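Here are my notes on the two-chain model we talked about. Have a look at the structure first, then read on.

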Amino acid sequence: MNDREKELQAEELADLARRLEAALQVETPDARREKALFVAGAGARRSAPSWAGVLVPGAAVVVVLVVLALVSRSALPGDTLFPVRKVLGGVGLAPSTAKEVRARLGEAERLVVSASEVVFTSPGRAKDLALEALQVLEEAEDLADELDGPRQEAFEDEIESLEERADAAFDEADDVLKDREREPEDDDSSGPGSGGDDDSSGSGSGSDDDSSGPGSGGDDDDSSGSGSGSDDDSSGSGSGGDDDDSSGSGSGSDDDSSGSGSGGDDDSGGSSGKG
Amino acid sequence: MEEAQLRGVVRRASRGDESAAAALFDEYYPRVYRYAAARLGAGASAEDAASETFAKVVREIGRFKWRGAGFEGWLFRIARNVIVDMQRRGGRELPAAEIAEPVETSHEGLPEQAVTSLESAVELRALLDRLPPEQREVLLLRFGAGLDTIETGRAMERNANAVRQLQLRALRNVRAMVPEKVTEP
């Protein structure tokens, strides 16, 4: 093929391309509706955030709230996290203050009832329970101070009532304990040659209160001696010691005692003395 | 539209900018319609194909990543798939599948009478359907959709020189088919 033929062929192809282009050109129909749909669809993408865009920050917020709720759930007025607990309680993510007060009142009630039940069987335990109840009531009172007027007043009445019951249980248990401390001495600490609480020996007798009689014994272990000695208003003679291995004779006492002889606290000995 | 400008428009449209979406539609809807009309014939089918193409574009544009083919490549691939689906649904065989080998190129001059017969778009589409798929595609994109060689290259994931070569071979094949056609009764 010579240059002329190539040139002719190129012209023919160019002409064919023009005719093709002309033949394929068609009038584009009115597409306003399609355009409106397309534009609206694209615009909707702006208000349709992806799942990841919503879930990740959402999950982070939930985790933070859960941690705060857990950490602050036991916060009391005055604690750093108490305002957090109060806010979370307001939106239902932590127990409300009123519910917390109610829970503490329930706990205090349970403790007071338990204390009352064991006042005679286990007065020491009853005192502990009563004290615990008073402590819980103190927390309830702090929380109740955060509430508004009418609810606070209602709770305060209940708190006061429970405090009275806890105090009564405590006093009752204390009396029982004191009575029990007195009972062995009232029963066994009179007469000559009697001793004090445990293993006292010797002649004479004595006790803590209002004891009288000749001879004494000490309060505690292994006291020996004769005569008497006591804490209050005791009188008598002879000796006695408070604690271990006291020996001696004569008498001695702390207050208002009179008598003769000697007594010592620990490991003391003497032959005479005056209280 | 320059590539840098097109990138900005596509990015804004994918983020919900309505003016950018409108600009994309104005730029590409006529081309997609002409491309569809060249393959399906002007009318309702081509309109449906163009509408469905843009409906898919608006659904998928958030996932579009600017790679080698660019936006045109992505857009016309969607259009091509829509058209193929419509042809399948319509029970039409793809004529391009009938031509496994390129037709022999003739160096004979094109008779004036035969060239005149190309004025019928229907006859022309029939001729194009007999071309190998890539040659037919290059002619449809260049002369139907009105893309230049660079845009056609992006749409076909080819470089501009390869597009020119394909176009030349396609035109020669069309010219070779014309005498054959005019001899038909």
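**Notes on the model**

1. Let me start with Asp171(A), which sits in helix α7 (residues 149-188) of chain A; helices here are DSSP runs of H or I with at least four residues, strands are runs of E with at least two, and both are numbered from the N terminus. Before going further: this is a predicted model, where local features need pLDDT of at least 70, side-chain atom pairs count only at pLDDT 80 or more, and totals for chains, interfaces and linings use all residues. Residues are numbered from 1 along each chain as its sequence is written, chains are lettered from A and ligands numbered from 1 in the order in which they are written, and side-chain values use heavy atoms, with hydrogens and water left out.

2. Areas come from the Shrake-Rupley method with a 1.4 Å probe, and for residues only the protein chains shown count as cover. Val67(A) lies in helix α3 (residues 51-72) of chain A and, at 45% relative accessibility, is partly exposed.

3. Now the overall make-up. Chain A has 7 helices and 2 strands, in the order α-α-α-α-α-α-α-β-β. Chain B has 9 helices and 0 strands. Of the 275 residues of chain A, 32% are buried; for the 185 residues of chain B, the figure is 51%.

4. In chain A, residues 24 or more positions apart account for 30% of the contacts with a separation of 6 or more. In chain B, 68% of the contacts between residues at least 6 apart in sequence join residues at least 24 apart. As for surface, chain A exposes about 15,500 Å², with 50% supplied by carbon and sulfur atoms, while chain B comes to about 8,700 Å², with 46% belonging to those atoms.

5. On to salt bridges, meaning a side-chain nitrogen of Lys or Arg within 4 Å of a carboxyl oxygen of Asp or Glu. The structure holds 22 of them over all chains. Arg18(A) pairs with Asp15(A), the closest N and O atoms being 3.6 Å apart. These two are 3 residues apart in helix α1 (residues 3-24) of chain A, so about one helical turn separates them. Arg18(A) is exposed at 53% relative accessibility, and Asp15(A) is partly exposed at 26%.

6. Glu109(A) and Arg165(A) form another salt bridge, with the closest N and O atoms 3.1 Å apart. Glu109(A) is in helix α5 (residues 97-117) of chain A and Arg165(A) in helix α7 of chain A, so the pair ties together parts that are 56 residues apart in sequence.

7. In chain B, check helix α7 (residues 133-144): 10 of its 12 residues are buried, so it is largely enclosed by the rest of the structure. Among the buried ones are Glu137(B), Val138(B) and Phe143(B). Glu137(B) forms a salt bridge with Arg39(B), the closest N and O atoms being 3.6 Å apart. Arg39(B) lies in helix α2 (residues 18-40) of chain B, so this pair with Glu137(B) in α7 ties together parts 98 residues apart in sequence. Both Glu137(B) and Arg39(B) are buried.

Conventions. Buried means under 20% relative accessible area, exposed over 50%, partly exposed in between (1.4 Å probe, protein chains only). Contact means heavy atoms within 4.5 Å.
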